[in-house]
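Hi,

Here is the structure I promised to pass on. Have a look at it first, and then read my notes below.

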Number of protein chains: 2
Amino acid sequence: MGRIFKERTAVNEALRLFLENISPLRHAEEVPLEACEGRVLAETIVSGRNVPHYRRAAMDGYAVKALDTTGASPVNPVLLQLSDSVMEGTSLWVHTGAVLPEGADAVVVVEDTVTTGNMVEIRAQVHPGRNVGQVGEDIKKEDLVFEDGHLLRPCDAAVLASLGLERIKVFRKPVVAVIPTGDELISRGKAGEVPPPGMVLETNGLMTILYVEKWGGISRYTGIVPDRPESIKEAIEANLDADMILISGGTSVGKRDHAPEVVESLGKLLVHGVGVSPGKPVALGVIDETPVVCLPGYPVAGLVALYFFVRHGIRKLGSIPEMPELVLKKRLAAKISSKTGYVTFTRVVFEGDMIRPLTGKAGVLSSVAKADGYVLVPENLEGYEAGQEVDVFLIE
Amino acid sequence: MGRIFKERTAVNEALRLFLENISPLRHAEEVPLEACEGRVLAETIVSGRNVPHYRRAAMDGYAVKALDTTGASPVNPVLLQLSDSVMEGTSLWVHTGAVLPEGADAVVVVEDTVTTGNMVEIRAQVHPGRNVGQVGEDIKKEDLVFEDGHLLRPCDAAVLASLGLERIKVFRKPVVAVIPTGDELISRGKAGEVPPPGMVLETNGLMTILYVEKWGGISRYTGIVPDRPESIKEAIEANLDADMILISGGTSVGKRDHAPEVVESLGKLLVHGVGVSPGKPVALGVIDETPVVCLPGYPVAGLVALYFFVRHGIRKLGSIPEMPELVLKKRLAAKISSKTGYVTFTRVVFEGDMIRPLTGKAGVLSSVAKADGYVLVPENLEGYEAGQEVDVFLIE
């Protein structure tokens, strides 16, 4: 009691310290292409074949020797004999994707032809290679197709399939242990009726496991742990095989806030107290190379800690590339006030073409449920004025 | 042969016609909260309880009668007796989340107190309600919490859990049949070696099922169907129980392009030929209320049709809200040329702070694999100049 936060570390500095203590997992696993979406390649893909592997017609039409079409036009068509092979003066129907007959070096599209009996009128001149897909036009044998670390999209799966691959190596997903702490917590499964006064349903853990899974991790929910240093210590030690440990609750400076101290006793406490509001009590540490985040028990503060630290930590562990942040530019329908020294996470709702900030304490998760997105006020500002255009992030 | 597209419908008009023929599925299914992420609520959620359901301390500190703190300050503290209940002149330690003792109406945070023996010095004045979470402060009984149609995020799952809910009703996911057509196609499972000339591995279907799943549908892959009207007809008829049918290939105007005609013979062909490049041969129709998309066989054109039509169709079927489109603003490192009358889908790669357009035929899927995003040139422009700032969409 009366203990204070060790420090108030700036968000960026806290994140830097945290990520510095995280090493990407190097273990890979094989998955079939049907399950590769959203996974990260753990191998470099060099093509073992040409795609296409044969010279093909790129359009429906007539395969020709390009020289035969010299000067052809609608008013001055060239007549070629329909045949089953292409030589000087002969032509052969081909459909898109078909093998281009030997002897042919171009295709005249069907729209530029008229057939009469066993003759075809060519009404356009084509140059050699016209409407022909060359061998390896898409991918050449020995081409570097993807480097390891590439985040796989459905279109990439098709490219890998075109190389004849069925399974590929991807980095395994980080396992994230989620430990909810608090004597006041009741497990949801046992709920039924409204809990007695002073007791609340455990819901932060549910939110946390769903974000962990959404961001590319595998969650391991441990069940509720009491507010005792010994219990928290045991729960951490039982999960040191995980790739990250999240402890929810008990991270502030009260009598019952033991999580940061326990982390310090087992390993290294990197940060306790961050310049973000809500979310100040977040603590970051590392135990035996396992990164640990103490998430504030207030749900909005916990959400902020998930967004600011856990999301990036999972990405680094899983070698998931950081994508450019996508934001909307919107004008504020009302002012936002904030405290300097803190990045302020303000929930907002869309209101026509504008956004309106929502007020709500850190304990009021329904303010997030009502929100479409959030605005971050930098630590050096006291807020934003009504009418000002700001960056809006969607809440995912 | 010599057949031409029925029309060249503008993209927006084609999409409008397509969506007009799609009705959202009204069937719901129950899922546990652990599986609700990304699903769409099929019921309105009205709270059956107050959250919190008791008056609680919002901070660690001392519960007091606010009146007792009148005038308190660091130089002029008020002394209160520590007790096990709160009356005039007495105070009681409370931790965050604890029941506020009867008689108390405020909490003085621990930082503003000093304890000496069984007395506590109060060094700040508090008004009634200070640091107190009132009953229903987060959610009141009978509050409308979510309307049906709400897309559920992890934070929403926690809100639902706090209401004591375990399972909720969500709209069922649309089932999308994926029918790859083409005599030249070889099933990937049977691949092994490079196929004979003229034959290619079926890869568009794989790309399609992965996008369908990513966008919230359930895919049903039918296996390869030959380029014969009767076979395509049979495949469609066998899948009219699906919520959407996608036919890949055979949608152009060649001898072997039967898909749009078959759709027309069984139902209504809404559009054949769209002002988008690549992707012009796309056809849209409806058979017995089941929307049908004929996807061009060229993979980039197929991808464009997936993005422009299938994505929105799945959203409408599944009642998935359309989110604001998130774009990056980037300058072009080189010009983009395009044809008026067509929305042009140009693949781009990031290059420092700029983007560079990639060239590549519609048949060259590796151009998409190399791309980070795409730029759309509107149909009334002939392109963009180098240096111009444009909207970039990420390829998902």
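In chain A, 71% of the contacts with a separation of 6 or more are between residues 24 or more positions apart; contact here means heavy atoms within 4.5 Å.

Before the rest, some housekeeping. This is a predicted model, in which local features need pLDDT of at least 70 and side-chain atom pairs count only at pLDDT 80 or more, while totals for chains, interfaces and linings use all residues. Residues are numbered from 1 along each chain as its sequence is written, chains are lettered from A and ligands numbered from 1 in the order in which they are written, and side-chain values use heavy atoms, with hydrogens and water left out.

**Chain A as a whole**

Chain A has seven helices and 28 strands. These are DSSP runs numbered from the N terminus, with helices being H or I of at least four residues and strands E of at least two. The chain is more spread out than a compact globule, because its radius of gyration is 31 Å, well over the 21 Å that the globule rule gives for 396 residues. (That radius is taken over C-alpha atoms, and the rule is 2.2 Å times the number of residues to the power 0.38.) Along the principal axes, the C-alpha atoms of chain A fill a box of roughly 100 × 50 × 45 Å.

Of the 396 residues in chain A, 56% count as buried. Buried means under 20% relative accessible area, exposed means over 50%, and partly exposed is in between, using a 1.4 Å probe and protein chains only. The accessible surface of chain A is about 16,200 Å², and carbon and sulfur atoms hold 51% of that. Those areas come from the Shrake-Rupley method with a 1.4 Å probe, and for residues only the protein chains shown count as cover.

As for charge, chain A carries 41 positive and 52 negative side chains, with the centres of the two sets 7 Å apart. Lys and Arg count as positive and Asp and Glu as negative, leaving out His and the chain ends; each charge is placed at NZ of Lys, CZ of Arg, CG of Asp or CD of Glu.

**Around β25 in chain A**

Strand β25(A), residues 354–357, has Ile355(A) and Pro357(A) on its covered face, and Met354(A) and Arg356(A) on the uncovered one. What does β25(A) pair with? One partner is β22(A), residues 328–332, which runs parallel to β25(A) and is joined by two bridges; two strands pair if DSSP finds at least two bridges between them. Here Leu332(A) stands opposite Ile355(A). Another is β24(A), residues 343–351, which is antiparallel to β25(A) over four bridges, with Phe350(A) as a bridge partner of Ile355(A). β24(A) and β25(A) make a hairpin with two residues between them, and Gly352(A) in the turn has a positive phi of about 60°.

**Over in chain B**

Strand β24(B), residues 343–351, is mostly covered, with seven of its nine residues buried. β24(B) pairs with several strands:

- β19(B), residues 276–277, is parallel to β24(B) over two bridges, and Val276(B) stands opposite Val343(B).
- β26(B), residues 373–377, is antiparallel to β24(B) over five bridges, with Val375(B) as the bridge partner of Thr346(B).
- β25(B), residues 354–357, is antiparallel to β24(B) over four bridges, and Glu351(B) stands opposite Met354(B).

Leu332(B) sits in β22(B), residues 328–332, and is buried, with a relative accessible area of 1%. Not counting residues up to four places away in sequence, Leu332(B) touches several residues, including Ile355(B), Tyr384(B) and Val390(B). Glu385(B) is 53 residues from Leu332(B) in sequence, but their C-alpha atoms are 7.4 Å apart.

Helix α2(B), residues 154–162, is also worth a look: nine of its nine residues are buried, so the helix is largely enclosed by the rest of the structure. After α2(B) comes Gly164(B), with a positive phi near 90°.

**Backbone details**

The peptide bond between Val51(A) and Pro52(A) is cis, with omega about -5°, and Pro52(A) is in the loop between β2 and β3 of chain A. In chain B, a cis bond with omega near -5° runs from Val51(B) to Pro52(B).

Asp288(A) is not a glycine, yet has a positive phi of about 50°. Asp288(A) lies in the loop between β20 and β21 of chain A and is exposed, at 60% relative accessible area. In chain B, Glu289(B) is a non-glycine with a positive phi of about 70°; Glu289(B) is exposed too, at 73%.

Cheers
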